[in-house]
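I opened the model today to look up a few backbone and fold features. My notes are below the display.

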Amino acid sequence: MQLLRADLQVWRQTVMTTVIDLWYWSGIQAGIMGYIMPALGLAPGYGVFIVAGLVIGAGFFSVFRMVAHLMRDIDRKHEIFYHMTLPIPSWLVLIKKAAFIAFNSAFLVVCVLPMGKVLLWYQFDLTKVSVMATLAMIVSSSIFYAFYILWLAGIVKNSSKMGIVWTRFNFPLWFLGCFQFSWQVLHKVCPVLAYINLANPVTYLMEGIRAALLGQDGFLNVWLCVLALLVFSLLCGLDGMRRLKRKLDYV
Amino acid sequence: MSLSYSFYFNVFRQLLAAEFIVFKANFKDKIIDLFIWVGITAAIMGYVMPAFGLAADYGVFQLAGLVASGGLFEVFPSVMNLVSDFEGDKQIDYQLILPVPSWLIMVKTATFYALNAIILGVSVIPMGKLVLWYQFDLTKINIIQTIAIIIAISIFYGFFTLWLASRLENTLKIGSVWCRVIFPLWFLGGFQFSWMVLHKLFPTFAYVNLINPMTYIMEGIRGALLGQEGYLNVWLCALALAGFSLVFGLDSIRRLKKRLDYV
């Protein structure tokens, strides 16, 4: 609890900058997709479709930054090594890290939702939002992001190899994971790729949040998505801890 | 006089060659990363998004934007490297004590980034052809215009990188460079739509967007690769980019002169 509080104190100093950056990033995309892209042939509701993806993508937005921070810490043998010397199980230090990242992700996700409504106003019908399903998606996505970040920190050799996090993990998962299209459309266009894409956790992030915010019709079942994300979290968590155990050489 | 120019040119060339030794070591990784990015984006836009209502040739339209963006994606890491150097190793100080004008060192740095952008931008064209095959009609390419616009775009990226590095206080603020400068310019500058479409929908915004250099980058490369119809004139775009390069170049040299305290 004390370690988590210490993390949150540092977090408070930078969170406003992160939120402003996030608003730039998501606001511009929502505006273009909502007001310009329909003139190129996309459905008028495409802006809202993208906003739903941006809401859940807010957590993804901080993945690179979080992994970079963690890698810098590991490379320079700073904070995390000090925490490992405390009289608590070493895995608890990593769980604390994951809890902090999950909190940060949930916070960012919640920040994008009202911005999407303000930007798209009449296009974004709040009566379609299922509060329970949205909460479940926010919680499960935040848990997933936390363990995905730990896993990436276990995979990447050192800070100088950080570039691969974006180009070889985040971007392909994000762009192939139904950010700009739904799984049903992909299934119609290329069924094989659609089935392969079921092994991509971002597919469940995107489909789940769209079903929760825009209604279930046309998307994968939201509760199936929540379940899938928890399974991916478990896998990333277990493998991430195994890798970090070897990397940090703790017992 | 001519002797000193030839000496300057030799130093310039040697420094540039030294930069390329480091570049060569990372070249394979850069190309793989570029291929992943271009391949996925072009395939999704070319084969999946038309099922969402976009025109059948939208993949090619987007590919032209990717050719122009190949160099843009080097801007962020390059700014990071430059500012880290200003804060840490200060390798640039060694170059600034060489017996050549200090501005030449800045021009050398911008030239290296420009050449980098040319290599990456040109690499996107065969990658795009491989992914989109029949959709990408190579006969529509105007080679002279393509060469001219790629050079103009790359020179702009070179000086833009220098300018961003001159404005960024420290590496801690690097994240904001992407979110508040590069991304808005890129995304609002017509990466996913043409200026004409924007002009039909929001004429005022379209005219405001004429002060965004990315507008000329996107329109120029599309005019050169896909045919002039529907885009701003390629030569006008090349001229505008030369103007932006000059402004960014002069301002960055002035700012870096103050920051690095050289004469």
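**Entry 1, chain B fold.** I am working from a predicted model. I looked up the secondary structure first. Chain B has 11 helices and zero strands. Along the sequence I read α-α-α-α-α-α-α-α-α-α-α.

Along the principal axes, the C-alpha atoms fill a box of roughly 60 × 40 × 40 Å.

What share of the 263 residues in chain B is buried? I noted 42%. I then took the contacts between residues at least 6 apart in sequence. Of these, 80% join residues at least 24 apart.

Most residues other than glycine have a negative phi. I looked up two with a positive value.

A:C178 has a phi near 65°. I placed A:C178 in the loop between α7 (163–176) and α8 (183–189) of chain A. B:W133 has a phi near 40°. I found B:W133 in the loop between α5 (102–132) and α6 (143–167) of chain B.

Is A:C178 buried or exposed? I counted 26 other C-beta atoms within 10 Å, so A:C178 is buried; the cut-off is 20 or more. B:W133 has 9 other C-beta atoms within 10 Å, so B:W133 is exposed; that class takes 12 or fewer.

Notes. Residues numbered from 1 in each chain as written. Chains lettered and ligands numbered in written order. Predicted model: local features only at pLDDT ≥ 70, side-chain atom pairs only at ≥ 80, totals over all residues. Helix = DSSP H or I, 4+ residues; strand = E, 2+ residues; numbered from the N terminus. Contact = placed C-beta atoms within 7 Å.
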